[in-house]
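Subject: Structure for your review

Dear colleague,

Please find the structure below, together with its sequence. My notes on what was found in it follow directly after.

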Amino acid sequence: MDIERRGQWLRGVLDLCVLGLLRDRESYGYQLAQALDAAGIGPIQGGTLYPVLLRLQRTGLVTAQWREGAAGPARKYYRITEDGRAALRQGGRDWVTFVRPVTGLVAEGVDE
Amino acid sequence: MNADDWLRAFAAELHHRRVRPDDARHVVAEAATHLRDGGGDPTVVFGPPGRYAAAIAESVGAAPPPAPSAPGPVRLHARGITKRYGRRTVLRDAGLTVRAGQIAAVVGANGCGKSTFLRICAGLVSPDAGEVTVGSRLGYCPQQGGTADFLLPDEHFVLVGAGLGLARGPARRAGRAAARQLGWDTPGDVLTRHLSGGTRQKLNLTMSTLTEPDVLLLDEPYQGFDRGTYVDFWDQLGRLRDAGRAIVVVTHLLDRLDRVDLVLDLTPAGGTDRNGDAGWGGRA
Amino acid sequence: MNRLLTVAEMTLRELLRRRGVLALMLLLPLTFYLIRRDAYVGQSVRSLMLGISWAVSTAALFATGAARELEPRLRLAGYRPHHLYLGRMLGLWAAGLAIALPFFLIVVFDAPGLRHGGVAAAMLCCVAIAPPLGILIGALLPRELEGTLLLLVIVTVQMLIDPAGTGAKLTPFWSSREIGTWAVDHTDDGYLTRGVAHGLVVTVGMIIAVAAVSSIRLRRRRHLRHLPVG
């Protein structure tokens with residue numbers, strides 16, 4: 001995939017992806033990066049991920065807490081807030097509304 | 001650049017960009033945890049320290065500049081300090097301005113000239129270029145050495161005190177009082193050579209504060225300190241700062257950078273990126 | 001004056017606590033004295049002088065090495081260079097006198113036929129010259145091993161050189177040798193005068209050399225300017 005284009009797309013939706021991952025369970029930075037990769041979005045470097053997490057925290061969409069995990073050292077765990085869930089619902093709807101016509105427009109070109 | 005160097009440079013950059021100490025501490029710790037979990041070259045995972053620090057600063061916002069009333073008059077002003085050993089240039093055009101009531105940390109990788117810079121400020125070594133203006137009274141605490149093996153701690157206090165014209169009794173009392181600030185009860189009859197490394201450093205530090213200097217230059221003075229003493233050390237520095245001293249401390253430990261007012265990173269250019277381009281990851 | 005005396009006192013205290021060094025400082029001249037005692041007492045007295053010179057200059061060398069890191073700090077704490085080197089010298093002169101005295105008494109009782117005033121004067125020359133010599137070597141050669149070896153060379157040359165040759169006058173302890181000869185062999189007074197003059201010149205010269213080296217080493221650096229008080 002064109003790396004620059006992927007970057008531009010991610011810039012718009014990475015916060016929503018993170019909120020989506022946090023919808024069901026809390027998590028920490030490294031685990032989130034792995035989950036994003038496993039979901040097929042591709043490798044996300046820490047330098048990209050943490051500023052997004054900080055912004056989500058600052059705007060009150062997630063809360064964070066340093067805690068010892070079941071195993072291993074203390075980590076900063078992120079948990080989605082009610083505002084975060086609302087933002088995910090709204091943002092998710094907007095995204096789907098946005099990509100549907102885009103998909104429609106470009107889908108035919110893909111098969112040629 | 002290894003992970004420790006990268007984290008050090010990153011912490012200095014955050015400080016440089018006036019990220020609040022609490023925020024900076026969390027971000028550095030989180031980056032360290034991430035690197036421990038995932039490994040990898042920090043400049044690939046996070047990018048150059050300067051750029052990542054800029055992204056963080058943009059995400060969390062920076063602290064307001066300090067109240068203008070706080071800093072006192074300039075006590076130490078070093079400019080254009082250049083020092084060469086043979087063909088190797090250790091310091092190139094380094095400078096630092098410290099005011100009364102400020103603590104400055106001098107950080108950087110091993111061998112980047114931190115100690116040399118401090119010794120030049122103390123007037124113990126001549127630079128190849130540059131000059132230093134300092135307050136009238138200087139205190140200097142070396143990394144090690146600087147004490148006499150066959151003298152008692154009390155005799156060190158008497159010796160230093162005599163330089164200031166203090167009589168024996170007052171000098172001894174002043175020394176013991178200063179030592180207590182570090183949580184050290186000076187033994188009356190133990191020769192310095194029988195003190196542990198950490199205790200000898202307490203003596204070393206006590207000697208440098210005994211002269212009540214306006215400018216205190218400390219070269220990693222906490223070697224061999226246990227955890228409690230280390231905390232006492234920073235508390236003591238805080239008290240000295242509040243008393244209006246200008247303090248310069250060479251350090252490679254970054255966990256206390258929130259306690260300092262200025263950071264001078266002597267890592268040679270190219271080691272850190274100060275351009276501050278936020279990169280694509282840093283903008284929403 | 002207080003600063004000078006405090007440095008002298010601390011130098012003495014340090015020296016007195018180095019028990020091993022102290023024992024060797026006494027043992028060395030004693031061995032030098034006893035080793036040829038069965039033959040000719042004059043030779044023993046001359047060896048004794050060398051032993052004292054060597055012991056005291058070695059003590060001065062080590063005292064200088066031990067203070068190397070401390071002195072710059074004391075300089076910042078308000079000492080001037082001359083407080084430091086003269087104070088150290090004072091302490092070492094006192095230690096030298098304390099070491100020489102018992103040996104002088106030994107000679108007085110063991111060798112009654114000598115000019116004892118001359119023996120005392122010769123010993124004084126050793127005690128006067130050895131501390132600045134040791135300090136000078138310690139200041140110029142930062143590593144103690146090199147300094148010790150240089151002292152060994154000086155003492156050996158002093159021991160083996162023909163005292164009547166011109167080169168002998170360049171050795172630091174030639175004065176004690178000349179005065180010693182006057183005291184032991186009852187030679188003419190020329191030996192005494194030459195010896196005393198040589199001793200004085202060398203002592204003063206050594207002190208000036210120490211002063212010069214210390215003042216350079218502990219100088220106020222030109223790049224450093226002090227703000228006015230206030």
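I begin with helix 3 of chain A, where the buried residues are A:Gly46, A:Gly47, A:Thr48, A:Leu49, A:Tyr50, A:Pro51, A:Val52, A:Leu53, A:Leu54 and A:Leu56. Please bear in mind that this is a predicted model.

That list amounts to ten of the 13 residues of helix 3 of chain A, so the helix is largely enclosed by the rest of the structure. A residue is counted as buried here if 20 or more other C-beta atoms lie within 10 Å of its own. In chain A as a whole, 27% of the 112 residues count as buried.

The length of the helix was also checked. Helix 3 of chain A covers residues 46–58, and at 1.5 Å a residue its 13 residues should span 18 Å; the C-alpha atoms at its ends are 18 Å apart, which agrees. Just after helix 3 of chain A comes A:Gly60, with a positive phi of about 80°.

Turning to the overall arrangement, chain A contains four helices and three strands. Along the sequence these follow the pattern α-β-α-α-β-β-α. Among the contacts in chain A with a separation of 6 or more, 49% are between residues 24 or more positions apart.

The strands of chain A form an open sheet of three, in the order 1-3-2 and with antiparallel pairing. Its edges are strand 1 (27–28) and strand 2 (62–68) of chain A, each of which pairs on one side only. Strand 2 of chain A pairs with strand 3 (residues 74–80) of chain A in the antiparallel sense over seven bridges. Within the sheet, A:Arg67 stands opposite A:Arg75, a residue of strand 3 of chain A. Helix 1 (residues 3–22) of chain A lies across strand 1, strand 2 and strand 3 of chain A, and runs at about 95° to strand 3 of chain A.

Finally, there is the interface between the chains. Here 20 residues of chain B are in contact with 16 residues of chain A. On the side of chain B that touches chain A, helix 2 (21–38) and helix 4 (49–60) of chain B each supply at least two residues. Helix 2 of chain B gives the most to that side, with seven residues. By residue type, the side of chain B that touches chain A divides into nine nonpolar, eight polar and three charged residues.

With kind regards

Conventions: Residues are numbered from 1 along each chain as its sequence is written. Chains are lettered from A and ligands numbered from 1 in the order in which they are written. This is a predicted model: local features need pLDDT of at least 70, side-chain atom pairs count only at pLDDT 80 or more; totals for chains, interfaces and linings use all residues. Two residues are in contact if their C-beta atoms, placed from the backbone, lie within 7 Å. Ala, Val, Leu, Ile, Met, Phe, Trp, Tyr, Cys and Pro count as nonpolar, Asp, Glu, Lys and Arg as charged, and the others, Gly among them, as polar. Two strands pair if DSSP finds at least two bridges between them. Axes are lines fitted to C-alpha atoms, for helices over the stretch in contact, and angles run from 0 to 180 degrees between N-to-C directions. A residue is buried if 20 or more other C-beta atoms lie within 10 Å of its own, exposed if 12 or fewer, and partly exposed in between; C-beta atoms are placed from the backbone. The expected span of a helix is 1.5 Å times one less than its number of residues.
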